[in-house]
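Let's take a walk through this structure together, going from overall dimensions to a sheet and then to the nonpolar cores. Keep the view open as you read.

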Amino acid sequence: MRELTYREALREAMAEEMERDERVFLMGEEVGHYNGAYKVSEGLLDRFGERRVVDTPIAETGFSGVGIGAAMVGLRPIIEFMTWNFSLCAYDQLVNNAAKLRYMSGGQISLPIVFRGPGGAAHQLAAQHSQVVENLYAYVPGLKVITPSTPYDAKGLLKSAIRDDNPIVFIEGEVLYGRKGQVPEEEYTIPLGKGDVKREGKDVTIIAWSKMVHVALEAATALAKDGIEVEVLDPRTIRPLDEALILRSVKKTNRCVIVEEGWPFAGAGAELCYRITNGAFDYLDAPAVRVTGEDVPMPYAKNLEHLVLPGVEKVVTAVKSVLYRS
Amino acid sequence: MDRDLMLSLYRDMICIRRFEEEAARAYTRGKMGGFLHLYIGEEAVAVGAISAVEPTDYIVATYREHAHYLARVGDMKAAMAELFGKATGCSKGRGGSMHFFDMKKRFMGGHAIVGGHVPIAAGIAFASKYRGEPDVTLCFFGDGTANMGAFHEGMSLAALWKLPVVFICENNLYSMGTPLYRTLAVEDVAVRAEGYPMAQEIINGDDVLEVREAVRRAAKRARTESLPILVEAKTYRFRGHSMSDPAKYRTKEEVEEWMNRDPIRILAQRIYELGVANEAQLKAIDDEVKQEVAEAVKFADESPVPDPATLYDDVYSETEPRQDEEKVVPLPRRARAGG
């Protein structure tokens, strides 16, 4: 099977959906003539023209709202945030408008809109450019939150997101864009709300999403050398959450570690912990444990940044702790 | 001057006035909760503007939007039922006073975060332009909005992309309880238009015919030239910001002076002067409207509350992509973790 980068897979998803449906258009900062700040939209302007690949000024509130208005009357916008950090400027648009218009109107409005862009830390971008935001959006009823970890998932989930009639928060891993993986030539989609077991194992379940899946897989490889068989489960969408898959896995392994890049307080992992405790309490041989980013704004210095992010060593230690091994 | 038109404008304004007077009474009787922001005194703006455009043009309004809903949709029963939190309300009791919607009539909602709907209005107009449709979007907001970031971003994009929006500032001189001179460094909101840039016009918001004529011109320009415009209507709300506001920050003299310029009285005067109708005829209209309001209250009173079983309805749109559109091509297990 052919290999694509995560970036190419996303681009292919957008191009195919734009080809398929004229109501779909891409709008954001530098998406057109600059070919995308992270080159995800490279070539799309040449292919689809300025009507459907729309460069915007730096005005997140403005163009998010324009997307919402356009979606209210039946267009299917893809709004690119150069990074999800900047989405906080438009938080009101996503939370108060995108998420609520359908409910407030008694179901009169559908909002088929995808907000997408990179999230999480990259390399030494410091506090304002290194945030994890999935929990800020997953908190809000009315939004769906997607966090793909592989090129295959990125393409299939983005296509489903564009076809979905709800507002979608699609958070790409900033450091995953160059990562390669198998992507079939044939068209496919991945349903939203379905997790995926990235590695099977019987001793401990690690739940991780986006780039933390790869940290978890590395940890699983390291632990296999000690004879510990780790199952790595990627929920892929944070909301709706594939609770059934998670509980099935935890009931099998009886132990669970959740790895998330963001801050610990009220992170998405905290909700997962609650659901696991609530849904599989009698099956747990140890309390579920979280490995999270440290509870500080991201420092610039390379050594400090390294300290903040969950890495393989921290995950290995956490897995051993739920096995009561050191 | 068109006789039927004048009487129809009069009727629309009286509808709003009587509806809101009754709503205020119902509020004090505990028939509804939440906030109730009355438009009394500003009726000429909504009625003049909405009467000036096509029924297919879009209306986007604020949380003070009963008037705009009535001027466009005219369904007093659905409006009153919404205030009463009933299942028969125009938003099924989910929105309340601040969130009236009627998508079929292109009434795109009451929005209650100041300025947040300005980019949305630009987006609706963007869609019209994208599809090559002739529709214009009217976006209403108050003077307080002129200080919000969302306002500037929406106006700026509308100008940049030449979107067919008529922005209508209902300048009632107060953003909640604070007078304009303490919130705005300029005297007129309209001057803000020049920087985007877009055309602007300041009008007497108490004269329904003047509003109608100005918005008719603005909408025509938006439609034929695809250009936005900012129309600032100077007006005044006779009541407080909401029901909990006794409006003590205004002098009695000031309020009286503006009440002498009651938009309904101004139109009635014009109607008499032109011999379109006499006092008895206007009173007959008023009596009819009062009857209609009474029926709306009765309807709202007798309507059922929303079924608790519907609590979770419409958080999400449940329409899934059709099955035949779904093609699942799975990856071999080992390749799934790849990336």
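Chain B has 339 residues, and a compact globule of that length would have a radius of gyration near 20 Å; the value for chain B is 22 Å, which agrees. That radius is taken over C-alpha atoms, and the globule rule is 2.2 Å times the number of residues to the power 0.38. Along the principal axes, the C-alpha atoms of chain B fill a box of roughly 85 × 50 × 40 Å.

A word on the ground rules: this is a predicted model, in which local features need pLDDT of at least 70 and side-chain atom pairs count only at pLDDT 80 or more, while totals for chains, interfaces and linings use all residues. Residues are numbered from 1 along each chain as its sequence is written, chains are lettered from A and ligands numbered from 1 in the order in which they are written, and side-chain values use heavy atoms, leaving out hydrogens and water.

Chain B contains 11 helices and eight strands (DSSP runs numbered from the N terminus: H or I of at least four residues for helices, E of at least two for strands). Buried residues make up 57% of this chain, where buried means under 20% relative accessible area, exposed over 50% and partly exposed in between, with a 1.4 Å probe and protein chains only.

Now turn to chain A, where five strands form an open sheet of mixed pairing, in the order β9-β11-β10-β13-β14. Two strands pair if DSSP finds at least two bridges between them. At the edges stand β9 (196-199) and β14 (289-291) of chain A, each with a single partner strand, so one side of each is left without a neighbour in the sheet. Within the sheet, β10 (residues 204-208) and β13 (residues 256-259) of chain A pair in the parallel sense over four bridges. Here Ala208(A) stands opposite Val259(A) in β13(A).

Where do the nonpolar side chains gather? The largest nonpolar core has 86 residues, and Met27(A), Trp84(A) and Phe126(B) are among those with the most contacts inside it. Such a core is a set of buried Ala, Val, Leu, Ile, Met, Phe, Trp, Tyr and Cys residues joined through side-chain atoms within 4.5 Å. Helix α5 (residues 118-130) of chain B gives the largest share, nine residues. A second, separate core of 78 residues includes Ile40(B), Tyr69(B), Ile271(B) and Val293(B). In soluble globular proteins, nonpolar side chains tend to be buried together.
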